[in-house]
Amino acid sequence: MNRSLQGRAPGLQVSNGYYNPGTPIIRGTSNNNQNRSWVMKDTVGLDFDTEGYDAIIENPFNRPSAHPLSTFSIDVDAASYSNMRRFLSLGQMPPAGSVRIEEMINYFTYDYAQPTGEHPFSIHTEMSDAPWNPKHKLVLIGLQGKKIPVENLPASNLVFLIDVSGSMSDDNKLPLVKSSLRMLVAQLRPQDKVSIVVYAGAAGVMLNPTSGDEKKTITDVIDKLEAGGYTAGGEGLRKAYSLARQSFVKGGNNRVILCSDGDFNVGESSDAAMEKLIEKERESGVFLTVLGYGMGNYKDNKMQKLANKGNGNHAYIDGITEAKKVLVNEFGGTLFTIAKDVKLQIEFNPKQVAGYRLIGYENRMLASEDFNDDKKDAGELGSGHTVTALYEIIPAGVASDFLRDVDPLKYQANPPIPNAFSSETNEWMTIKFRYKNPDGDKSLLLEHVVKQQPIALGKTSDNFRFAAAVAEMGMLLRSSAFKGEANFDQVIRLAKGARGQDEEGYRAEFIRLVESAGSMVGNK
């Protein structure tokens with residue numbers, strides 16, 4: 001986007017490693033989930049800009065008798081959490097469309113046991129009461145990716161694709177991109193290669209493939225970048241993927257790393273055109289990491305689509321501390337895929353379950369038949385990554401206004417009759433997993449049966465209670481129809497009791513953010 005930035009905010013403040021440009025005004029047409037776009041204006045002279053967020057329609061409760069299967073792709077993105085932190089740090093509640101609860105949950109790591117068998121991840125489940133609705137149960141499904149030591153990771157072929165258009169001149173955009181990539185370059189090994197492509201009104205190659213031990217050569221190119229011009233994102237993506245294919249490392253980590261505010265406005269810029277481009281390019285075996293920067297015109301919805309369609313992941317970098325988390329602390333998980341197209345399909349036993357709903361993952365839902373279709377794209381799991389999903393369960397025999405009836409069926413039984421196995425077993429659900437190896441085309445299948453009885457909330461693991469606290473916070477921020485008795489006080493109590501070791505202080509920071517949100521709405 002080519003726009004004047006006259007009157008750029010003076011005296012940019014940095015607090016706890018996150019940029020604070022001053023107090024904005026956030027305006028929107030409504031607070032409900034249908035609001036697709038919010039307007040944000042800086043009070044110190046910046047132009048009137050828009051941020052883009054897609055509407056989220058929350059997953060409803062389903063009856064197993066009518067909908068026995070729930071199918072979805074994993075999601076290791078965490079952009080929504082750091083974006084939410086940015087809003088709360090500025091004294092504003094985030095727009096509902098920006099709050100993706102699964103990304104908030106998966107921002108944090110959980111203490112799941114490492115895998116010990118042939119598969120690259122381990123599976124963990126736990127069940128207790130739902131804190132916001134004690135009549136309901138909450139089921140945690142956790143995946144722990146195998147942690148591969150950095151020295152054993154495959155060689156990398158990385159292409160930095162950097163947006164240097166005029167909209168990237170703010171201090172929390174291109175200057176922060178430069179700082180982020182310098183930290184990433186410091187992690188590279190001699191066997192790794194880096195290329196650099198930039199785009200503004202057009203795209204160009206700034207650095208051909210260069211060994212990771214030539215760090216000064218790489219950082220010198222990064223340091224010389226300046227912002228100006230329009231935003232030809234489509235041309236930049238094509239050139240970056242072409243360069244990645246030319247230097248393709250068989251059995252290695254081939255990846256484009258896009259750094260942008262997502263505000264494409266020259267060439268392919270519509271969602272449909274960008275999705276088509278990315279879907280074609282991903283067939284080459286090149287993965288995509290999308291790093292979002294800036295505020296005011298940030299296009300979260302476009303960045304999400306690029307990452308989802310491009311065998312990739314998406315992070316929002318709101319400051320140097322977040323850059324360090326994503327590109328240094330979680331280097332392996334962010335850049336090295338150990339399993340791709342990871343899908344889950346859960347079959348619920350109507351003898352035990354009257355209703356269920358998946359919390360979050362709304363843009364990752366799949367049709368039941370997609371589970372066995374190896375051509376259907378799904379999410380990637382990185383080295384050492386954890387993925388957590390929560391199901392809220394209405395136990396059999398519990399009445400609920402969330403379960404709505406339909407007229408009796410004319411041509412089949414009302415309701416379908418459970419088979420003999422479901423009526424005799426104490427199983428709650430069967431979880432099926434499919435995944436492919438990073439260079440594979442055929443998926444592998446795992447199964448895990450949940451038959452354990454629920455335990456008291458106070459006896460659950462720190463993993464369970466903290467994930468539940470984050471989910472409850474997300475429902476409060478979204479003003480969810482399913483929030484029940486949720487309140488900020490309860491979130492704080494749950495989170496404080498489940499901090500665990502918290503070596504990096506991420507969970508302590510979450511508690512501070514909850515306290516801030518509670519103060520804003522007057523609900524402590």
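Asp318 and Arg85 form a salt bridge, with their closest N and O atoms 2.7 Å apart. Asp318 sits in the loop between S14 and H8, while Arg85 belongs to helix H1 (residues 79-89), so this pair ties together parts that are 233 residues apart in sequence. Both Asp318 and Arg85 are buried. The structure shown here is a predicted model.

The pair does not stand alone. Arg85, Asp318, Glu322 and Glu509 are linked in a network of salt bridges. Side chains of opposite charge can pair when their charged atoms come close. Across the model, the count comes to 25 salt bridges.

Two further bridges deserve a look. In one, Arg182 pairs with Asp223, the closest N and O atoms being 2.5 Å apart. This pair also links distant parts of the chain: Arg182 is in helix H3 (residues 174-186) and Asp223 in helix H4 (residues 215-223), 41 residues apart.

Arg465 pairs with Asp462, and their closest N and O atoms are 2.7 Å apart. The two residues are three apart in helix H11, so about one helical turn separates them. Arg465 is buried at 12% relative accessible area, whereas Asp462 counts as partly exposed at 30%.

Now turn to the open spaces. The largest pocket holds about 1100 Å³ of space. It is lined by 41 residues, and Phe108, Thr109, Tyr110, Glu330 and Gly384 lie nearest its centre. Two strands, S13 (287-293) and S14 (312-317), each give two or more residues to this lining. So do the helices H8 (320-329), H9 (331-335), H11 (462-478) and H13 (506-521). Which element gives the largest share of the lining? H8 does, with four residues. By class, the lining of the largest pocket divides into 11 nonpolar, 18 polar and 12 charged residues.

The second largest pocket holds about 840 Å³. Of the 39 residues that line this pocket, Lys340, Asn437, Pro438, Asp439 and Gly440 are the closest to its centre. Strands S12 (253-260), S15 (337-348) and S19 (429-436) each supply at least two lining residues. S15 gives the largest share, four residues. The lining of the second largest pocket has 13 nonpolar, 11 polar and 15 charged residues.

Finally, check the backbone. Most residues other than glycine have a negative phi. Tyr361 is not a glycine, yet its phi is positive, at about 65°. Tyr361 is placed in the loop between strand S16 (353-358) and strand S17 (379-382). Its relative accessibility is 1%, so Tyr361 counts as buried.

Ser479 also has a positive phi, near 50°, in a residue other than glycine. Ser479 is found in the loop between H11 and helix H12 (488-496). Is Ser479 buried or partly exposed? Ser479 is partly exposed, with a relative accessible area of 48%.

Key:
Residues numbered from 1 in each chain as written. Predicted model: local features only at pLDDT ≥ 70, side-chain atom pairs only at ≥ 80, totals over all residues. Heavy atoms only, no water. 1 Å grid on protein atoms, 1.4 Å probe; cavity = no way out; pocket = protein on both sides within 12 Å on 5 of 7 lines; lining within 4 Å. Points joined across faces, edges and corners; volume = space filled by probe spheres on them. Nonpolar A, V, L, I, M, F, W, Y, C, P; charged D, E, K, R; others polar. Buried < 20%, exposed > 50% of the residue type's maximum accessible area, 1.4 Å probe, protein only. Salt bridge = Lys/Arg side-chain N within 4 Å of Asp/Glu carboxyl O.
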